[in-house]
Amino acid sequence: MTRVDAPQALESRLSALESQHHEAARLIAELQGRDALKTQFLANISHDLRTPLTAIITHAEILRDGILGELTPRQRDSVTSIISGGRQLLEMVGEILTYARGAADQLALTPTELRIADVIGRVRTLNESLVEKKGLTLSVTVADDIPPIHADAEKIAHVLGNLLGNAIDFTPPGGRVWVSARQVGSDGRPSLLIEVGDSGIGIAPEHHDLVFREFAQVDASASRQHHGTGLGLTIARKLVELHGGSIWLESQLGEGSRFFFTIPYRGAPPQHAPPV
């Protein structure tokens, strides 16, 4: 190659690289557009499904309560199954809608000063019937020295409800489920640490990352015993990260699971922040 040809070859190479860059940028923009359309579709369809589903559940409850006339025991059982299935489906639709809002960066926090014991108490009350039905033991331990924290009570309750619901679902009758909360950190950045654990079936270490992925199921077979959208833990992670916290798990197959998440304290750290 002559000295005259070298600049021409370099220019040709730069032109090819620039062309490849523009093509890659076009493909990325196209994929982002498709992803945005998918997110918008999920939001629209979820929103549109909530109204008829709520109507079905409401009218079924009217029938169950005998407002339109007494039902036979078999009829009442059938209507109760309709209500139960409708509520389960409505919860799934709600998860999809929350996921779509998170994917579109439309989730916002409404922080207030709260006591975590109160939030845990509300979530416990909502799940007591399921615990009793399965014959489980549920224990709650909240450290006495935990100060109030500035956080979104509804979203913290959502995370707790998801983790506790999973613990109940994946623990066989006679097992144990627990929730604990304490303050950790002594480096000037204290956080609230919450644990939700169970003595259930556990999760193999190679699946620990999988459970936090969107639409993922450890058991994805059609015959799986535990159903859902595969979005619960994805949403939980999003809500925790919105608070500036982290979520993780410790588990072995057949040895139960322990899920942890942190919510950082804002402003001046309390004086009695204990070490981890």
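Where is D145 found? We will come to that in point 5, after a look at the whole chain.

1. **Before you start.** This is a predicted model, in which local features need pLDDT of at least 70, side-chain atom pairs count only at pLDDT 80 or more, and totals for chains, interfaces and linings use all residues. Residues are numbered from 1 along each chain as its sequence is written, and side-chain values use heavy atoms, with hydrogens and water left out.

2. **The overall layout.** The protein chain has five helices and seven strands. These are DSSP runs numbered from the N terminus: H or I of at least four residues for helices, E of at least two for strands. Of the 276 residues, 35% count as buried (buried is under 20% relative accessible area, exposed over 50%, partly exposed in between, with a 1.4 Å probe and protein chains only). Among contacts (heavy atoms within 4.5 Å) with a separation of 6 or more, 71% join residues 24 or more positions apart.

3. **The core.** The largest nonpolar core has 43 residues. Such a core is a set of buried Ala, Val, Leu, Ile, Met, Phe, Trp, Tyr and Cys residues joined through side-chain atoms within 4.5 Å. Those with the most contacts inside it are I116, L160, L164, L192, I194 and F261. Helix α4 gives the most to this core, with nine residues. For a closer look, pick I194: leaving out residues up to four places away in sequence, I194 touches I116, L160, V179, S180, A181, F259, F260 and F261.

4. **Two helices side by side.** Helix α4 (residues 153-169) and α5 pack at an angle of about 145 degrees, with their axes 9 Å apart. Here axes are lines fitted to C-alpha atoms, for helices over the stretch in contact, and angles run from 0 to 180 degrees between N-to-C directions. The contact is made by K155, H158, V159, N162, L163 and N166 of α4 and G232, L233, I235, A236, L239 and V240 of α5. Within α5 (residues 232-242), the buried residues are G232, L233, T234, I235, A236, L239 and V240.

L233 counts as buried, at 9% relative accessibility. Apart from neighbours within four places in sequence, L233 is in contact with N162, L163, N166, V211, F212 and F259. From L233 to N166 the C-alpha to C-alpha distance is 9.5 Å, although the two are 67 residues apart in sequence.

5. **Back to D145.** D145 is found in the loop between β2 (137-142) and β3. D145 is partly exposed, with a relative accessible area of 38%. The C-alpha atoms of D145 and Q183 are separated by 8.0 Å, and these residues lie 38 residues apart along the chain.

6. **One more stop, Y265.** Is Y265 buried or exposed? Y265, found in the segment after β7, is buried, with a relative accessible area of 11%. Not counting residues up to four places away in sequence, Y265 touches I146, P147, P148, I149, Q183, P190, S191 and L192. Y265 and G188 are 77 residues apart in sequence and 9.9 Å apart in space, C-alpha to C-alpha.
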